[in-house]
Amino acid sequence: MAVNFDNAATTFPKPRSVASAVFTAVSKYGGNAGRGGHILTALTSEKVFDTRQTAADFFGAETENVVFTLNCTHALNLAIKGIMQNGGHIIISGIEHNSVSRPVYAMASKKHISFSIAAVSDDDDETTDNFRRLIRPDTKAIVCLIAGNVTGQILPYKKIGKLCREKNICFIADGAQACGIMDIKLSDGINILCTSGHKGLYGPAGTGLLITDGKYHLDTIIEGGTGSSSLNLEQPDFLPDSLESGTVNTVGIIGLKYGIDFVKYKKPERIFSHESDICRRFISRLDPDYVTVYRKLGVNYAPVVSFNINGMAPEETAEKLSKRGFCLRAGLHCAPLAHKSLGTDNGTVRFAPSVFNNSLQADALAEEIRKIYKNL
Amino acid sequence: MLLPQRGDTMKNTAVSMPTVTHAIKAKRFLQSQGYSSEIRRSPKTSEFGCTHVLIINGDKDVVIALMNKHHIDYGKILSDEV
């Protein structure tokens with residue numbers, strides 16, 4: 001059985017309770033949530049609501065302000081394009097994933113909006129000031145990740161949220177690498193939190209969340225059937241239906257509840273601590289003479305480690321490790337801006353443990369890396 | 001908590017709900033306050049089309065006041081139309 005250290009892309013394995021819930025959903029909850037009034041749809045609607053309420057409680061939101069999406073990218077597109085549809089200026093960080101940089105770039109290339117990129121420093125106050133300096137009278141939003149998906153660097157999101165509040169700017173936070181391992185709440189100053197359901201929340205693939213405090217209206221980019229206000233040709237203007245057109249992923253959503261419950265039971269801070277211990281152990285086993293680890297002293301990191309074997313392309317390293325039973329992702333990790341900032345144009349190999357990994361597995365991986373280097 | 005009292009005359013109150021999410025939220029809230037309710041589809045085509053309706057076992061003035069107090073969203077009060 002392969003050891004998965006690619007949990008920053010999607011966590012695997014999933015908790016048994018999630019697998020069981022998915023099976024139950026497929027076998028029992030076959031109605032179309034919110035459509036019709038028969039018993040099957042009513043039961044399914046109640047189960048979907050259970051997940052919505054669980055997510056709302058977990059992130060400190062109103063239940064109806066939790067929108068189910070396909071993934072974090074989908075949520076970010078709804079948020080960014082929903083806020084910026086009538087033009088304006090937006091600021092992103094210099095280590096964003098393509099889920100942020102591409103929709104922003106796409107809108108800017110059509111001259112709909114303009115954008116600026118704030119450099120991320122090792123110093124949190126300097127990073128916050130970098131955002132502050134870029135704010136213009138027409139700035140509508142700041143969007144940035146909470147923790148980076150390449151090095152795991154944690155951005156000063158609470159300070160950025162405070163800045164946005166002071167300037168009356170919408171703060172959209174990408175929680176893909178943070179939710180489930182950090183105690184993230186809208187009350188941290190976040191107006192719109194976007195996250196995946198299948199990473200740190202341990203839900204099935206095909207699940208994501210957009211959670212809003214309702215302060216900023218989001219124009220829609222997808223319209224269609226919602227099971228409500230059907231006579232009206234205009235999309236409903238109330239959440240969650242305004243942003244949830246078409247049949248939702250009931251099977252994934254029902255499974256997601258059990259993923260969030262699992263995280264609540266384990267506690268995000270304990271998961272963070274467990275995974276960070278594994279990262280430290282892994283780094284300690286790597287010889288700096290032949291492995292470069294992309295971390296700096298004094299910087300806060302989520303449990304993700306980017307590294308390279310000196311003189312070897314990251315893809316080659318990952319391929320060799322795969323043949324030895326270790327699953328790690330190599331390349332740019334869909335974050336070219338982050339690699340530009342990091343100076344790793346050819347990418348890195350990414351080590352990302354989950355709650356199901358342990359230090360012995362990290363030791364074994366480090367030993368395989370040593371063997372690979374010795375055979376160079 | 002406003003629980004029905006002995007001797008009260010139980011009345012039904014029907015309110016339309018913007019979405020099924022609002023309907024379930026209201027139903028569960030009212031349940032926590034001692035009021036049973038049931039979600040149904042609108043018995044006739046409303047002015048907006050498909051709608052969920054919450055039929056509440058409780059006096060209109062009391063349950064509406066309770067929902068208002070706790071910021072539970074609802075659409076239109078339909079008591080006379082059910």
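**A proline in a loop of chain A**

In which loop of chain A does A:Pro13 lie? A:Pro13 is found in the loop between β1 (3-4) and α1 (16-28) of chain A. Helices (H or I, at least four residues) and strands (E, at least two) are DSSP runs, numbered from the N terminus. The peptide bond that joins A:Phe12 and A:Pro13 is cis, with omega about 5°.

**Basis of the model**

This is a predicted model, in which local features need pLDDT of at least 70 and side-chain atom pairs count only at pLDDT 80 or more, while totals for chains, interfaces and linings use all residues. Residues are numbered from 1 along each chain as its sequence is written, and chains are lettered from A and ligands numbered from 1 in the order in which they are written.

**Further backbone features of chain A**

Most residues other than glycine have a negative phi, and most peptide bonds are trans. A:Pro240 is placed in the loop between β8 (208-212) and α7 (250-266) of chain A.

A:Asn168, which is not a glycine, has a positive phi near 55°. This residue belongs to the loop between α6 (157-167) and β6 (170-174) of chain A. A:Asn168 counts as exposed because it has 9 C-beta neighbours inside 10 Å. A residue is buried if 20 or more other C-beta atoms lie within 10 Å of its own, exposed if 12 or fewer, and partly exposed in between, with C-beta atoms placed from the backbone. A:Cys334, also not a glycine, has a positive phi of about 55° and lies in the loop between β12 (329-331) and α10 (336-342) of chain A. With 17 C-beta neighbours inside 10 Å, A:Cys334 counts as partly exposed.

**Composition of chain B**

Chain B contains two helices and three strands, arranged from the N terminus as β-α-β-β-α. Of its 82 residues, 37% count as buried. Two residues are in contact if their C-beta atoms, placed from the backbone, lie within 7 Å. Among the contacts in chain B with a separation of 6 or more, 70% are between residues 24 or more positions apart.

**The sheet of chain B**

The three strands form an open, antiparallel sheet in the order β1-β3-β2 (chain B); strands pair if DSSP finds at least two bridges between them. At the edges are β1 (12-17) and β2 of chain B, each of which pairs on one side only. Neighbouring strands are turned by 25° against each other on average, direction ignored. Axes are lines fitted to C-alpha atoms, for helices over the stretch in contact, and angles run from 0 to 180 degrees between N-to-C directions.

Five bridges link β2(B) with strand β3 (residues 52-57) of chain B in the antiparallel sense. B:Ile39 has B:Leu54, in β3(B), as its bridge partner. Helix α1(B) packs on the sheet and touches β1, β2 and β3 of chain B, and its direction makes about 10° with that of β3(B).

**The contact between the chains**

The contact involves 14 residues of chain B and 19 residues of chain A. On the side of chain B that touches chain A, the elements giving two or more residues are α1 (20-32) and β2 (37-41) of chain B. The largest share of that side, five residues, comes from α1(B).

By class, this side of chain B has six nonpolar, five polar and three charged residues. Ala, Val, Leu, Ile, Met, Phe, Trp, Tyr, Cys and Pro count as nonpolar, Asp, Glu, Lys and Arg as charged, and the others, Gly among them, as polar.
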